[in-house]
Amino acid sequence: MKILLVFDFDNTIIDDNSDTWIVQCAPEKKLPIELQDSYEKGFWTEFMGRVFKYLGDEGVREDEMKRAVTSMPFTLGMVELLDFIRKNKDKFDCIIISDSNSVFIDWVLEAAGFHDVFDKVFTNPAAFDSNGHLTVENYHAHSCSRCPKNLCKNVVLVEFIDKQSQQGVNYTRIVYIGDGGNDVCPVTFLKKSDVAMPRKGYTLQKTLSRMSQNLEPMESSVVVWSSGVEIISHLQFLIKE
């Protein structure tokens with residue numbers, strides 16, 4: 001029986017947001033005002049599609065984007081954490097659920113040699129078209145009112161766990177490691193034996209602490225982290241239990 005580790009990507013595995021980081025490839029490292037202003041809440045993926053088209057039209061090529069994305073720093077202690085998981089893959093399954101895109105995540109995992117740590121990556125599918133422009137699509141459609149329209153992380157997590165269980169794989173507990181507003185939905189569905197691990201000072205942690213002050217029910221335990229090394233300590237404690 002393994003523990004399932006669920007990771008967010010932006011501001012969790014890497015210490016920045018890959019979608020805003022890529023803007024450094026634009027002329028003068030910024031987007032035109034009208035493009036900036038075209039973002040509508042809940043429609044981030046569509047907005048990023050326009051950003052990628054703009055970068056392509058400005059002549060930004062794939063190798064340039066790859067250089068930028070792979071120069072993003074990992075969050076403190078994250079390399080150590082992923083190494084620890086690799087050494088203990090008999091005890092953990094490990095997935096990413098991210099609102100980034102498949103090309104960016106692939107590049108980062110490949111450059112750092114961490115592909116083998118993760119059993120599955122769920123994110124918005126992206127690819128370069130025949131003009132060399134990066135295109136991105138919504139991961140799925142769902143009916144959750146709390147989440148952006150392209151991705152409800154809870155729907156993804158529940159579907160994954162159901163599928164695994166149909167194949168005879170059940171988990172002793174889920175440990176969810178994230179930082180953002182779109183991590184709130186899956187975390188609130190965690191059970192008593194599960195662990196929510198929000199990054200200190202980020203939206204998820206602030207939201208969870210506000211919820212506990214309002215006495216909104218949360219079944220799982222909450223362990224806050226600033227460094228991947230703290231996550232290692234908690235995982236070591238869970239394995240010993």
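Predicted model: local features only at pLDDT ≥ 70, side-chain atom pairs only at ≥ 80, totals over all residues.

In an unreviewed entry, UniProt places the feature "binding site" at Asp-8, Asp-10 and Asp-179. These residues span 172 residues in sequence, yet no two of their C-alpha atoms are more than 8.3 Å apart, so they gather at one spot. Asp-8, Asp-10 and Asp-179 also belong to the lining of the largest pocket.

Asp-10 sits in the loop that runs between β1 (2-7) and α1 (18-21). Its contacts, with neighbours within four places in sequence left aside, are Asp-16, Asn-17, Ser-18, Ser-100 and Asp-179. Asp-179 is found in another part of the chain, in the loop between β6 (171-178) and α8 (184-188). With neighbours within four places in sequence again left aside, Asp-179 is in contact with Asp-8, Asp-10, Asn-11, Thr-12, Arg-199, Tyr-202, Thr-203 and Leu-204. The contact with Thr-12 includes a polar contact of 2.9 Å between the two side chains, Asp-179 and Thr-12.

**The second annotated set**

The UniProt annotation "binding site", likewise from an unreviewed entry, covers Asp-19 and Asp-99.

Asp-19 lies in helix α1. Apart from neighbours within four places in sequence, Asp-19 is in contact with Trp-44, Met-48, Phe-52, Asp-99, Asn-101 and Phe-104. Asp-99 belongs to strand β2 (residues 92-101). When residues up to four places away in sequence are not counted, Asp-99 touches Asp-19, Thr-45, Thr-123, Asn-124, Pro-148, Asn-150, Leu-151, Lys-153 and Asn-182. The side chains of Asp-99 and Asn-124 are joined by a polar contact of 2.9 Å.

**Burial of the annotated residues**

Are these annotated aspartates, such as Asp-10, buried or exposed? Residues under 20% relative accessible area are classed as buried, and the table gives the values.

| Residue | Relative accessibility | Class |
|---|---|---|
| Asp-10 | 11% | buried |
| Asp-179 | 6% | buried |
| Asp-19 | 5% | buried |
| Asp-99 | 14% | buried |

**The cavity**

The largest cavity holds about 50 Å³ of space.

Which residues line the largest cavity? The lining consists of Asp-19, Trp-44, Thr-45, Met-48, Phe-52, Asp-99, Ser-100, Asn-101, Asn-124 and Val-136. By class, the lining residues divide into four nonpolar, four polar and two charged. At least two lining residues come from each of α3 (44-57) and β2. The largest share, four residues, is supplied by α3.

The contacts given above can be read against this lining. Among the contacts of Asp-19 are Trp-44, Met-48 and Phe-52, and these residues also line the largest cavity. Asn-124, the polar partner of Asp-99, is another of the lining residues.

Technical notes
Residues numbered from 1 in each chain as written. Heavy atoms only, no water. UniProt positions renumbered as here; feature names shortened; annotations may be inferred. 1 Å grid on protein atoms, 1.4 Å probe; cavity = no way out; pocket = protein on both sides within 12 Å on 5 of 7 lines; lining within 4 Å. Buried < 20%, exposed > 50% of the residue type's maximum accessible area, 1.4 Å probe, protein only. Contact = heavy atoms within 4.5 Å. Polar contact = N/O pair within 3.5 Å; in protein donor to acceptor, adjacent residues only side chain to side chain. Points joined across faces, edges and corners; volume = space filled by probe spheres on them. Nonpolar A, V, L, I, M, F, W, Y, C, P; charged D, E, K, R; others polar.
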